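Here is a short report on aromatic side chains and their surroundings. Look over the structure first, then read on.

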Amino acid sequence: MSISRQDVQRMARLARLSLTDAELAQLQGQLGAIVEYMEQLRTVDTEDVAPDVAGLELTLAGRPDEVHAGLTTAQALGGAPDCTADSFCVPAFVDES
Amino acid sequence: MKDALTGLSAVDVASRVAGGTLSAVQVVEHALAQANRTAPLGAFLSLRDAEAVEQARSIDARRAAGKPLGRLAGVPIAIKDAICTRGAPTTAGSKILTQSGTLQSAWRPPYDATVIARLGAADAVVIGKTNMDEFAMGSSNENSAFGCAKNPWDPARTPGGSSGGSAVAVALGAASLALGSDTGGSIRQPAALTGVVGVKPSYGRVSRFGLVAFASSLDQIGPFARSVRDAARLLGVIAGHDPRDSTSSQSAVGDYEAACDAPVRGLRIGIPKQYFGDGLDSAIRDRVQAGLTSLERAGCVLVDIELPTTDYGVATYYILATAEASSNLARFDGVRFGARATTGGGLDAMYAETRAAGFGPEVKRRILLGTYVLSAGYYDAYYDKARRVRRLIRDDFTAAFEKVDLIASPTSPTPAFALGERVDDPLAMYLADVYTLPASLAGLAALSLPVGLTEATARFPALPAGLQLLAPAYEECRLFSAAAAVERDFPYLPPPAAAPFTATGAV
């Protein structure tokens with residue numbers, strides 16, 4: 001099963017990734033070859049096999065629900081490309097008209 | 001004195017610094033000088049010159065005041081740039097974690113990874129951050145956004161990846177130790193290609209808190225060293241449960257250094273037929289055979305075993321790892337850190353343009369692949385299928401470990417390949433990981449150690465070869481015992497690019 005140009009466009013939209021036409025063409029071929037290679041798993045009988053999650057049986061450790069000191073607001077905002085004194089800024093996404 | 005300093009083991013440095021016969025400042029300045037001298041090999045993305053010397057000075061002052069020092073007192077260590085270091089540049093090899101595409105504008109995390117805190121408590125000195133494939137996606141270092149690290153045995157060749165810079169720093173003596181991360185072989189393969197020891201701890205053995213996530217069900221932080229004992233010391237320092245990583249194991253941390261001296265007579269070593277097939281370069285096969293002979297001479301018993309699902313490792317891994325990556329990398333959206341593309345458009349356009357400008361080609365490829373295998377209509381055929389095959393791969397190992405104590409194999413099917421050779425063929429690059437991926441999928445403990453240089457052939461000059469040892473999860477002690485036995489026949493060899501240099505321990 002090969003990957004169509006529309007498939008790549010759909011994935012790019014889902015992944016919030018804008019692609020040039022040249023990238024689209026190249027990725028279509030490369031992803032097609034990789035997915036074709038992955039097709040070999042279809043030959044494995046997994047009828048009675050339960051999906052694995054982490055490779056081994058993990059006992060997740062809990063911890064007491066206690067408040068610890070975290071980052072300050074200034075620290076959290078320190079690496080942001082755009083912010084005010086207490087919040088991250090993004091382009092407008094609510095249409096006020 | 002300079003050469004002798006570079007050649008000292010980490011264990012020796014720590015005991016001399018603690019004993020007052022060597023100054024931490026001297027050791028750290030020497031490592032920094034070696035790092036600067038070998039800068040053309042691209043091992044480091046950033047150095048912490050001033051901070052490292054300052055920390056070394058305080059270590060020397062504490063010793064002079066009669067205070068006790070940690071297990072890695074004064075030991076210079078290099079850190080893969082995927083691990084958060086408070087206030088110091090952290091890029092994960094990507095432009096998206098910089099403001100303007102330059103290392104000078106790199107993100108500076110407001111906190112330390114747990115492993116960094118533990119190294120600090122042990123008085124190790126972080127001297128810099130090392131080069132890597134972008135977001136740890138790659139097997140050659142060529143996916144670094146800042147130019148790749150080069151193999152110190154032949155600068156026209158790859159040092160391996162993704163933790164290539166860490167391997168090169170240790171091979172060159174620009175650091176006594178290094179940390180890398182291994183998702184599908186990213187510590188073991190560069191260790192093999194550069195001739196050093198690399199350890200991928202069992203899943204959950206080391207806290208992932210503060211590691212920039214690639215594939216969360218596979219990622220593990222682990223040591224690079226020039227000797228098995230040095231690697232054991234480092235793992236002992238960083239291993240153990242961390243309340244901030246609920247997947248970190250609560251099982252007891254072993255005495256890995258004692259394990260280096262434990263007898264190996266009678267240890268049963270499984271040799272999986274599937275790891276010695278057609279794709280294995282003959283020069284590597286010869287070196288691995290020499291490593292197996294060392295194990296036999298030390299009294300181990302070699303047992304032929306079968307791991308029939310081995311061939312499915314690559315497909316299974318590249319479905320699961322890309323699926324997890326596509327989710328983990330959603331956080332790089334131009335809002336909280338790094339770069340933001342300025343567009344006239346709205347929020348969605350900002351996301352899409354920021355990610356287009358910030359991510360390199362391999363990262364885009366994997367995000368799209370991961371999105372594909374998770375998307376409606378394909379989830380069952382790819383993602384769910386791969387999770388089931390993952391269980392079969394794990395079951396294979398479980399069955400094998402009922403018959404043997406350890407498994408031995410080549411780490412990489414070939415010696416270091418030429419830079420540029422595989423960049424246009426992602427699938428060929430993925431196949432470089434064929435021997436390391438299955439153990440990652442099964443969460444096992446794994447180690448690669450050098451077994452000498454290959455014979456030069458028409459395809460490859462004489463280059464380092466690695467022997468991979470695998471143990472059941474949390475049985476790292478077995479790895480160190482067997483590796484120490486092999487190491488007696490194959491001590492660390494300094495690469496030509498490291499000169500002036502002397503071998504480990506020579507003073």
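## Aromatic pairs

Over all chains, the count comes to 14 aromatic pairs. The model behind this count is predicted.

One of these pairs joins B:Tyr111 and B:Phe209. The pair is tilted, with 40° between the planes and 5.5 Å centre to centre. B:Tyr111 lies in the loop between β2 (76-80) and α5 (114-121) of chain B, and B:Phe209 in the loop between β5 (197-200) and β6 (220-225) of chain B. The pair therefore ties together parts that are 98 residues apart in sequence. B:Tyr111 is partly exposed, at 29% relative accessible area. B:Phe209 is partly exposed too, at 23%.

## A buried pair and a cluster

B:Tyr317 and B:Tyr318 form an edge-to-face pair. B:Tyr317 counts as buried because its relative accessibility is 3%, under the 20% cut-off. B:Tyr318 is buried as well, at 2%.

Chain B also holds an aromatic cluster. Its members are B:Trp107, B:Phe135, B:Phe332, B:Phe337 and B:Phe359.

## Charges over rings

The charged end of A:Arg42 sits over the ring of B:Tyr382, 6.0 Å from the ring centre. In chain B, B:Arg226 lies over the face of B:Tyr492. Here the distance to the ring centre is 5.9 Å.

## A nonpolar surface patch

Which residues form a nonpolar patch on the surface? They are A:Val90, A:Phe93 and A:Val94, with about 300 Å² of accessible area together. A:Val90 lies in the segment after α3 (73-77) of chain A. A:Val90 is partly exposed, with a relative accessible area of 31%.

Terms used:
Residues are numbered from 1 along each chain as its sequence is written. Chains are lettered from A and ligands numbered from 1 in the order in which they are written. This is a predicted model: local features need pLDDT of at least 70, side-chain atom pairs count only at pLDDT 80 or more; totals for chains, interfaces and linings use all residues. Side-chain values use heavy atoms; hydrogens and water are left out. Patches are made of residues with over 30% relative accessible area and no salt bridge: like charges are joined within 9 Å, nonpolar side chains (Val, Leu, Ile, Met, Phe, Trp, Tyr) within 5 Å. Accessible areas come from the Shrake-Rupley method with a 1.4 Å probe; for residues, only the protein chains shown count as cover. A salt bridge is a side-chain nitrogen of Lys or Arg within 4 Å of a carboxyl oxygen of Asp or Glu. Helices (H or I, at least four residues) and strands (E, at least two) are DSSP runs, numbered from the N terminus. Buried means under 20% relative accessible area, exposed over 50%, partly exposed in between (1.4 Å probe, protein chains only). Rings of Phe, Tyr and Trp (its six-membered ring) pair if their centres lie within 6.5 Å; planes under 30 degrees apart count as stacked, over 60 as edge-to-face and the rest as tilted. A charge sits over a ring if NZ of Lys or CZ of Arg is within 6 Å of the ring centre and within 35 degrees of the ring normal.
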